[in-house]
Amino acid sequence: TYTANTNDNNHPITTQCLHHRFGTSPSTMAISQSLAILLLVLCLPGTTLAFLSPNNHQHASSARVTTSPSIVRHGLEATSYNDNDNDNNNNSVVDRRAAMERAGGVALSSLLLSSGIVATNPKMANADANFDDGKKKRILITGSNSGIGLDAAQRMALRGHEIVLACRTLEKANAAIDKIETNIANDSEDAVDANTLLKSLKLTPMECDLADLSSIDEFVKSLPNQSFDAVCLNAGLARNKRATDVAHTKHGFELTVGTNHLGHFYLNHLLLRSSLVDKEGGRIVVTASSVHDPDSPGGAQGETATLGDLKGLERAAADGSGRFDMVDGAEFNAYKAYKDSKLCNVLFARELQRRLDAEEGCNIKANCFSPGLIVGTGLFRDQNQFFTKVFDVAATKLLKVGETTHYGGGALEYLALSTEVEGKGGLYYYSSPGSSKYGEDAYGKQFHPSEVSKEALESDGGEGKRFWELSEKLVGI
């Protein structure tokens, strides 16, 4: 997910940064300038504006797979799983909260820090006309303890489907279920209604660390011999874009690509090999991002995504070490590594569909999507919370150019369950900035199949095939 990022490090942002995010046409420049002016007036009147850097995006929800003892929750056999890690940068420029308070913004601070103003609706929302909930489905969601993964889990659980919440730790998976239960209870009309809904939930917490192949093995081995109707490969991580040290997984993969792509690649392989995805119409949904495309507003910032000639992966596979810093073999760049990982997600989904189509008797469909600019997610838990809320309100509620977490969760739910997506595969779904203002009606309209990047398009059959083969070698298939 492309997100404007606010590490507690207060990066200065200018209208130029916003132009990068929203483009430079007259209309989009007006939006970006309005947003800058709005935040200046709200936050720091009369002072130097220092706020959220949109080109520092973190996609959280990924993980770490480790074995853990089964537990029983609502009568279901359970194990565990979690979501992700984010890197922090603490280069402070100015204490925004202090500056705002000096400017007399205490009342506004209290208002924006209240949970109600940015709360998402926990109720099932997507139009029932697009969903056939007659047959209750079994759905796996990685990275389901926060952000759009958590929202999607709640949405689909309220439809009566069984949800396996695969998170980095069992503790986080159980915490996610507690959040869902609390949301439902708080939103119910009375205690009887709440009790009825809570008893109907089928939520299984499991632990799965996508940065550790052996943990993924254990996770799949612990699954019952029952196929999934939908597998949502949603988890992901992004390091701070200014990070210069290269972090690697246990197997030597650069951490971002190793988790966001190779972890999911290996998990998908094990699920298909074990016949744990329904061949008669099962779905695989991959959470990608528009930043995979250098021609998109978010993707154009800084180093752009490209896998080049795959030199980094080629070397890692050839020497048997599995160790690489960047897919293209270039010097490590944390910001580019995240973008590359999202390009990997798109190539993976497209090549996967080609291979599924070639398999006789297989009707599994794979698609990927971009949830859009979402500020109010777990990605910002380590950020300046006051300023994050200001930006969230400005982007999603006032200027309508950002998306809500609930909208992103709905997009994931739509691709996993909607009858409108049935039989469609190999597609990339996207919506223009601010589409959440259309509510649930956006899915299938504003949120629709779109063009992938030029590199992703040109990779069909060539780079895509080699990329797949190298991924197999690295994970030991």
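Helices H10 and H15 cross with a left-handed sense, left-handed being the case in which the near helix is turned anticlockwise from the far one by less than a right angle. The model is predicted, so local features need pLDDT of at least 70 and side-chain atom pairs count only at pLDDT 80 or more, while totals for chains, interfaces and linings use all residues. Residues are numbered from 1 along each chain as its sequence is written, and side-chain values use heavy atoms, without hydrogens and water.

**The H10-H15 pair**

H10 spans residues 311-318 and H15 spans residues 463-475; their axes lie 9 Å apart at an angle of about 40 degrees. Axes are lines fitted to C-alpha atoms, for helices over the stretch in contact, and angles run from 0 to 180 degrees between N-to-C directions. The angle makes H10 oblique to H15; angles under 35 degrees are roughly parallel, over 145 roughly antiparallel, 65 to 115 roughly perpendicular, and the rest oblique. H10 contributes Leu313, Glu314, Ala316 and Ala317 to the contact, and H15 contributes Arg466, Phe467, Leu470, Lys473 and Leu474, where contact means heavy atoms within 4.5 Å. Six of these residues are nonpolar, three are charged and none is polar. Here Ala, Val, Leu, Ile, Met, Phe, Trp, Tyr, Cys and Pro count as nonpolar, Asp, Glu, Lys and Arg as charged, and the others, Gly among them, as polar.

**Loop residues**

Leucine 310 is in the loop between E7 and H10. Its phi is positive, about 60 degrees, although the residue is not a glycine. Serine 275, in the loop between helix H9 (255-273) and E7, also has a positive phi, near 55 degrees. Serine 296 sits in the loop between strand E7 (283-287) and H10. Beyond its neighbours within four places in sequence, serine 296 is in contact with Ser290 and Val291.

Buried means under 20% relative accessible area, exposed over 50%, and partly exposed in between (1.4 Å probe, protein chains only).

| Residue | Relative accessible area | Class |
|---|---|---|
| Serine 275 | 46% | partly exposed |
| Serine 296 | 9% | buried |
| Leucine 310 | 3% | buried |

**The whole protein**

The protein has 15 helices and ten strands, taken as DSSP runs numbered from the N terminus (helices H or I, at least four residues; strands E, at least two). Of its 477 residues, 58% are buried. The accessible surface is about 17,600 Å², with 50% belonging to carbon and sulfur atoms, by the Shrake-Rupley method with a 1.4 Å probe. Among contacts with a separation of 6 or more, 80% join residues 24 or more positions apart.
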